[in-house]
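Subject: Structure handover

Hello,

Here is the structure for your files. My notes follow below it.

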Amino acid sequence: LATAETNITLTVLRNTDASLKLFQVNGSDVVDGSVVVLDPHTLSVDVVVETSDPEATFEVSGGSGLEPGENALTVTVTAANEETTQEFNVVLNVLLSSDASLSSLQVNGVEVVDGEVVDLPAYTASAVVSAVAADEAASVEGADVVDLEPGENVVTVTVTAQNGDVAEYTIKIGRAHV
């Protein structure tokens, strides 16, 4: 019996699978094109990714440094063959804050509340009204040095929240007549 020996070289191509087995943002499953609504002032999210092929690699961009409004999160998967890629995009929508409250309202350094009447002595020419918004993203108008007339002086402080909601706080400063 005659025998012959033959060498055969088999080339196994690397996988072209660039899909995801698991994709989560802050513990919730997402897919390409999802929109994730986030609380105001959210700066980053937790992203969990698992590729379908364990030999595939991935890169995440956009999950931190978030700004109010829409932010892009992209996961790019590169298949084991190092040529096939696939992108998965999610919109991270950080809501604007609606907080138009004050953490402090003062007249001449004394804490006051909305609607309060503050009586000052005669000949008091001015009062310093200061106000600090509870949310640093809100703006405050009307807190300033107020020139006083004899009698009742109405001062209105307006706080505009990040989303445009407005709240007004009024104090009455009474200056005694001479």
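Is Thr-51 buried or exposed? The model is a predicted one, and in it Thr-51 has a relative accessible area of 10%. Residues under 20% count as buried, so Thr-51 is buried.

Thr-51 belongs to strand β4, which covers residues 47-51. The Thr-51 side chain comes to 2.7 Å from the backbone oxygen of Asp-53. If neighbours within four places in sequence are set aside, the contacts of Thr-51 are Ser-19, Leu-20, Lys-21, Ala-56, Thr-57, Phe-58 and Val-77.

The second residue I looked at is Gln-24, in strand β1 (residues 20-25). Gln-24 has a relative accessible area of 18%. That value is also under the 20% cut-off, so Gln-24 counts as buried. The side chain of Gln-24 is in polar contact with the side chain of Asp-29, at 3.0 Å. With neighbours within four places in sequence left out, Gln-24 is in contact with Asp-29, Val-30, Asp-46, Val-47 and Val-48. For Val-48, the C-alpha to C-alpha distance from Gln-24 is 5.1 Å, at a sequence separation of 24 residues.

Now the chain as a whole. The protein chain has 15 strands and zero helices. Its radius of gyration is 31 Å, whereas the globule rule gives 16 Å for 178 residues, so the protein chain is more spread out than a compact globule. The C-alpha trace spans about 135 × 20 × 20 Å along its principal axes.

How much of the protein chain counts as buried? The share is 34% of the 178 residues.

Last, the charges. The protein chain carries 29 negative side chains and 4 positive ones. The centres of these two sets are 4 Å apart.

Regards

Key. Residues numbered from 1 in each chain as written. Predicted model: local features only at pLDDT ≥ 70, side-chain atom pairs only at ≥ 80, totals over all residues. Heavy atoms only, no water. Helix = DSSP H or I, 4+ residues; strand = E, 2+ residues; numbered from the N terminus. Buried < 20%, exposed > 50% of the residue type's maximum accessible area, 1.4 Å probe, protein only. Polar contact = N/O pair within 3.5 Å; in protein donor to acceptor, adjacent residues only side chain to side chain. Contact = heavy atoms within 4.5 Å. Rg over C-alpha atoms; globule rule 2.2 N^0.38 Å. Lys, Arg positive; Asp, Glu negative; His and termini not counted. Charge placed at Lys NZ, Arg CZ, Asp CG, Glu CD.
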